[in-house]
Number of protein chains: 2
Amino acid sequence: MPRINGERLLADLRRMADFGRYQTGVHRPHLSPQDVESRHWLASRMKKAGLEPVIDGVGTVLGKSARTGPRILLGSHSDTQPRGGWLDGAMGVIYGLEVARALAEDPETAHLAVDVASWADEEGHWGQMVGSRSFVGMFGDAEIDKARHRDEGTAMRDALRAAGLEGKPREQFEEGRYRGYLEAHIEQGGVLEATDKRIGIVTAIVGIYAYRLTFTGIQNHAGTTPMPIRKDAGVAMMRLYNEVMETFPRLAGPRSVWTVGKMSLEPGAPAIIPGKAEMLFQFRDADRAILDRFEAALMEIAASHDKRGPCAIECVNLSRTMPTVMDDRFLDAIEESAATHAPGRHMRMSSGAGHDAQIIGLKLPAAMLFVPSIGGISHHFTENTADADIVLGCQVFADATAKILEGN
Amino acid sequence: MPRINGERLLADLRRMADFGRYQTGVHRPHLSPQDVESRHWLASRMKKAGLEPVIDGVGTVLGKSARTGPRILLGSHSDTQPRGGWLDGAMGVIYGLEVARALAEDPETAHLAVDVASWADEEGHWGQMVGSRSFVGMFGDAEIDKARHRDEGTAMRDALRAAGLEGKPREQFEEGRYRGYLEAHIEQGGVLEATDKRIGIVTAIVGIYAYRLTFTGIQNHAGTTPMPIRKDAGVAMMRLYNEVMETFPRLAGPRSVWTVGKMSLEPGAPAIIPGKAEMLFQFRDADRAILDRFEAALMEIAASHDKRGPCAIECVNLSRTMPTVMDDRFLDAIEESAATHAPGRHMRMSSGAGHDAQIIGLKLPAAMLFVPSIGGISHHFTENTADADIVLGCQVFADATAKILEGN
């Protein structure tokens with residue numbers, strides 16, 4: 001079995017965190033100068049590990065193995081959220097690099113081919129999971145032409161030119177090249193920590209359905225308009241929200257989640273009855289049947305409230321991302337490795353957050369491994385994982401990779 | 001009985017609407033150039049009507065009668081909301097002017113003394129009901145020193161200087177000078193129109209209690225945080241709002257109103273569980289016992305939700321304006337006049353909006369008369385009242401004034 005080098009792994013991770021360091025975290029949005037610099041450093045580390053690296057036309061770094069044995073693709077992303085954590089994404093990329101090195105160093109596994117990817121813009125500054133979607137043919141030149149930075153409005157073409165990537169080919173998925181795809185990531189939640197586990201084996205990445213609900217009543221004076229004749233859009237929104245919160249638990253699976261993240265009233269003055277209200281609602285589950293059940297219930301509640309009045313209610317679907325189910329044999333391989341290195345301290349779970357594995361999983365058998373997030377914190381510069389958990393996770397990841405490539 | 005001149009009344013009202021005309025309404029915030037110009041024009045009209053006008057140190061225009069008979073004060077305000085209506089305030093001022101003229105023209109009432117006021121800044125650009133409060137000693141030099149324009153931040157002292165009012169004395173209430181105070185106003189609601197009435201006799205001006213409710217939970221990832229461990233501040237807000245909406249109708253009087261005019265979630269992103277939520281809540285009634293009952297219920301609901309958790313709830317009172325009860329004999333006088341000119345088409349009602357009468361009413365017996373608002377619209381440039389209702393209302397107002405001054 002290959003043995004990873006924990007010190008080398010942590011040293012590479014810490015070096016990576018120098019690019020865009022922000023307090024105890026990192027500010028390294030895709031195609032920022034720090035991000036571009038980090039990609040060149042990453043490519044040099046891949047080259048040193050014996051891989052042939054390219055930085056492609058959207059910024060994805062792909063290190064290709066020259067070995068001729070059975071081949072796997074390992075990856076994650078090295079771009080970050082604004083003022084985000086040092087491990088969110090980067091850990092999975094450096095795991096890939098370390099596993100490639102560890103397998104090459106072990107005579108028993110030296111023939112196995114490990115390609116390593118850092119997918120461009122997983123955090124979605126220019127689109128949604130740009131690198132992995134470009135790789136499987138879901139994000140092409142037309143999308144690049146239109147893409148603008150979500151905060152700054154810069155054209156992606158200009159940013160690619162500034163990064164020296166203009167005109168470079170985009171790496172494309174090749175049928176038959178890989179046995180599958182594996183991705184490691186921090187959990188970004190508190191389940192592993194709360195249950196004293198060290199390894200999460202991700203059975204599925206949840207699907208997300210998102211909606212905008214708009215309530216239209218009549219704006220009026222809060223002193224002179226009697227209650228019975230009011231058409232208060234805020235009250236209509238509260239009533240619907242309340243019924244959703246009463247109905248959804250009855251339809252939910254054990255890991256279903258639903259969230260109103262944004263609400264507003266217009267005009268939003270203390271002495272004016274709101275004539276318009278709006279809320280953004282989303283729900284997630286790994287089971288599509290539950291997602292469809294939620295949607296049907298939401299639409300029925302919205303329609304019945306609209307019909308009852310006094311406010312008009314519009315419920316518009318904004319997006320539907322389908323759940324991605326991970327490969328059973330890959331899950332078994334990770335579980336066996338976890339049982340060896342962390343007996344009794346591993347569990348199967350779904351991922352509530354989106355990952356590149358849900359895109360690559362459309363083309364290849366895929367699976368994911370989680371390590372615990374301290375305090376469940378993510379998308380914040382205080383995000384962290386114990387060093388021992390980082391090292392343990394990589395050893396399990398290496399074993400699972402070898403098992404999958406050595407299997408029939 | 002005095003006879004008002006409907007054409008003269010409407011002509012003065014239309015001339016007044018030239019100052020700051022905006023579409024079919026008026027933009028004439030207090031101390032704007034158009035407002036200052038309109039006050040000089042109003043003073044000239046008072047002078048022509050035989051009154052002695054002053055524009056005082058906060059901008060109130062007070063026209064004093066030289067007659068020596070029993071004396072009354074009639075008034076309202078001629079400043080407007082931004083892009084507001086042409087009648088909101090101005091109508092009551094011109095009613096006063098027309099009643100002073102009509103009483104002077106009738107030999108039977110020519111000895112009666114009518115003073116007419118246009119109170120400064122009723123719409124509260126610099127404070128709350130600045131002119132009437134200055135008149136009764138509730139807004140003095142210290143308040144003027146601190147006052148700044150609510151939208152533009154200009155110092156009131158600078159605006160008074162620009163208006164040529166710096167150093168002018170402020171008119172002060174004089175004990176024993178008046179039998180009482182009358183104010184006419186548009187209804188600003190739809191009750192008169194809906195019940196086919198033409199005259200409202202205002203029995204009380206409602207009190208207003210206002211609150212800020214703050215809900216504190218824990219901000220977290222909307223995908224990776226299981227429902228049972230969430231502390232969602234938005235859900236806490238919705239639950240409390242819902243209980244308030246279920247409880248208040250049981251405690252309410254027939255004209256009680258309660259309104260959430262503003263709500264917000266932080267950080268307000270679709271995929272983040274809100275860690276903080278805030279809402280502004282107010283309720284109004286003419287009966288203080290009901291206001292106190294509402295407050296007790298609100299505090300109890302907030303405390304029980306806070307105790308139950310998982311979010312901390314803070315409920316802070318922002319203001320308590322007490323209800324003002326109008327004078328019974330004055331109400332009888334208005335009612336008798338209404339019965340003569342609009343038999344069966346008058347009603348007693350409370351005012352859900354605030355008016356200068358609630359300030360002057362602290363010192364003098366006071367009453368108000370309402371005329372219908374078309375479609376119940378106010379604080380908007382489309383606000384209007386039928387010409388026939390404007391004329392009718394002024395005739396009733398004149399008769400009531402004469403009755404009150406001629407009574408013992």
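In this predicted model, the C-alpha centres of domain 1 of chain A and domain 2 of chain A sit 37 Å apart. The domain assignment of chain A puts 6-205 + 328-406 in domain 1 and 207-321 in domain 2. Where these two domains touch, the contact takes 4 residues from domain 1 of chain A and 5 residues from domain 2 of chain A. Sort the domain 1 side by class and you get 1 nonpolar, 3 polar and no charged residues.

Now for the contact between the chains. Here chain B puts in 43 residues and chain A puts in 42 residues. On the chain B side, four elements each supply at least two residues: helix 8 (233-251), strand 11 (257-266), strand 12 (272-273) and strand 13 (276-285). Strand 11 of chain B gives the most, with 7 residues. As for class, the side of chain B that touches chain A splits into 22 nonpolar, 17 polar and 4 charged residues.

Here are the two contacts side by side:

| Contact | Residues from each part |
|---|---|
| Chain B with chain A | 43 residues from chain B, 42 residues from chain A |
| Domain 1 with domain 2, chain A | 4 residues from domain 1, 5 residues from domain 2 |

How do the copies relate?

Technical notes. Residues numbered from 1 in each chain as written. Chains lettered and ligands numbered in written order. Predicted model: local features only at pLDDT ≥ 70, side-chain atom pairs only at ≥ 80, totals over all residues. Contact = placed C-beta atoms within 7 Å. Nonpolar A, V, L, I, M, F, W, Y, C, P; charged D, E, K, R; others polar. Domains from an automatic or database assignment.
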